[in-house]
Amino acid sequence: MTSMSNSDKTDTIVAIATPRGNAGVGIIRLSGPKSLHIASEIANIRKEPRVANFVIINVGQIRDKAIAIYFKSPQSFTGEDIVELQCHGGALLLDKIVDALIKHGARLAKPGEFTRRALLNGKLSLTDAESLIDTIHAESDAELTVAGNSSELHVKTKSIEQELTGISAQIEACLDHPDEVTLDTILLKKQLNAFLKTLSLFTDAAQTSHYIYNGINVAILGEPNVGKSSLFNQLLGHDRSIVTEIAGTTTDLVSETMQVGGYKVRLTDTAGIRDGAGKIEKLGIEKSLRVACDCDIALVFDDTALKLVKDKPYICVTRNSSIDTLKKQIIEKTIGILPKLQSRAVANTRQINELVCAKIAIESALKNTAADLLASDIQTALYHISNITGTNASEAVLDEIFSRFCLGK
Ligand SMILES: Nc1nc2c(ncn2[C@@H]2O[C@H](COP(=O)(O)OP(=O)(O)OP(=O)(O)O)[C@@H](O)[C@H]2O)c(=O)[nH]1
Ligand SMILES: [Mg+2]
């Protein structure tokens, strides 16, 4: 997604807000100054805000009975005038209605543009916006829980940002008037150390956050024909991998995401490990060996597999392993490898990267006695913290975040 121009921000945008497909209801959303005007071109929308009204949408030869709701600025999700049309959910029907709205002056929204406007209009913070996207993409209960707990990060980074801004002003004053203003270095060191401690709460939990957001990699390993793919399919609950009586059936990695005990697990079926395989199988076996090294938990069928996993957490399995027992064992091993969460200090990967950069700048500030170098470190720390809070976040950072959004959000 490219950076936003001024006209981008004042256009009236439109998108289908519900997933594409044939559903009972499909919602089209318009946001921007001309929302009501444009929607009124195809339906008799009432001007009373926040009232659901029954309308007939007329688009060429097509008619649809729908519910329309007008949200008047600033009391709306984006802070702008919004019209929401709850139509019938046919993909073709919704496309025709959107086309008509575009013909009457709306522009198709970019992914995440509604939320980006909400951010610009102060309706939500950047951490709220990221929490929203993480919630939408959540594939496990753990992910859903941590995505909804963004307030801790917001409160803590906002407070550090305010203090850093104050410190920055003091240093500038010292640099401008060295004879009149002196820096209380003892207090400054105390403040900086306190920031480091707070930021560490989140960075120390990075491994846990990583597992929660990216999933725990569980690999099924063993010699050919032992029943790896059969077990893989049973754990998933559907036929994903091909199963035959021929040794060497699986030649490539097959991965699927599933939820076990509220955690996201990425389960991988592998090619059976043996000597003397043909060209294709050999390439598959190389991948199996790599997965044996990289996985977090291994399900091992035999000694050949066991030798590969070394000191990694593993579970011995057989053809007769009970799926319920196995799932319980995976949960136990998962809890074993997840470092304990300190409070609700969870941040996503992007946020953790910014926090680590901020910490490095603060650590450098603690070593610097020259005011000009100190000023530069504090500015660097502020830059990274504000890429989390959203204060003056760069367009590039916003583009990166909002490109993860789906159309219509
Ligand atoms: N009787 C019995 N047969 C099984 C069981 N599990 C798998 N099989 C059979 O064993 C054969 C091999 O099963 P797969 O699941 O394809 O084995 P695999 O380890 O994935 O084999 P490769 O992909 O060749 O490495 C198939 O004919 C399965 O039907 C089981 O629990 N009992
Ligand atoms: Mg197989």
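What we have is a predicted model, in which local features need pLDDT of at least 70 and side-chain atom pairs count only at pLDDT 80 or more, while totals for chains, interfaces and linings use all residues. Residues are numbered from 1 along each chain as its sequence is written, and chains are lettered from A and ligands numbered from 1 in the order in which they are written.

Let me begin with the domains, whose bounds come from an automatic or database domain assignment. The assignment gives domain 1 as 6–125, domain 2 as 131–205 + 345–389 and domain 3 as 213–337. Taken over C-alpha atoms, the centres of domain 1 and domain 3 are separated by 47 Å.

Now the sheet. Strands here are DSSP runs of E with at least two residues, helices are runs of H or I with at least four, both numbered from the N terminus, and two strands pair if DSSP finds at least two bridges between them. Six strands form an open sheet with mixed pairing, in the order β3-β4-β5-β2-β1-β6. The edges are held by β3 (53–59) and β6 (107–108), each with a single partner strand, so one side of each has no neighbour in the sheet. β3 pairs with β4 (residues 62–71) in the antiparallel sense over seven bridges, with V59 opposite I62 in β4. These two strands form a hairpin with two residues between them, and G60 in the turn has a positive phi of about 60°. Strand β2 (residues 23–31) pairs with β5 (residues 82–89), also in the antiparallel sense, over eight bridges, and there A23 stands opposite G89.

Turning to the helices, axes are lines fitted to C-alpha atoms over the stretch in contact, with angles from 0 to 180 degrees between N-to-C directions. The axes of α7 (residues 151–176) and α15 (residues 371–389) come within 9 Å and cross at roughly 155°; the two are therefore roughly antiparallel, a term for angles over 145 degrees. By class, their contact has 15 nonpolar, six polar and four charged residues, where Ala, Val, Leu, Ile, Met, Phe, Trp, Tyr, Cys and Pro count as nonpolar, Asp, Glu, Lys and Arg as charged, and the others, Gly among them, as polar. The axes of α7 and α8 (residues 185–204) come within 11 Å, again crossing at roughly 155°, which makes α7 roughly antiparallel to α8.

Finally, which residues come nearest to ligand 1? Of the 17 around ligand 1, they are G227, S229, S230, T250 and G272, a residue being near if its C-beta atom, placed from the backbone, lies within 6 Å. The shell has five nonpolar, nine polar and three charged residues.

Terms used: Angles under 35 degrees count as roughly parallel, over 145 as roughly antiparallel, 65 to 115 as roughly perpendicular and the rest as oblique.
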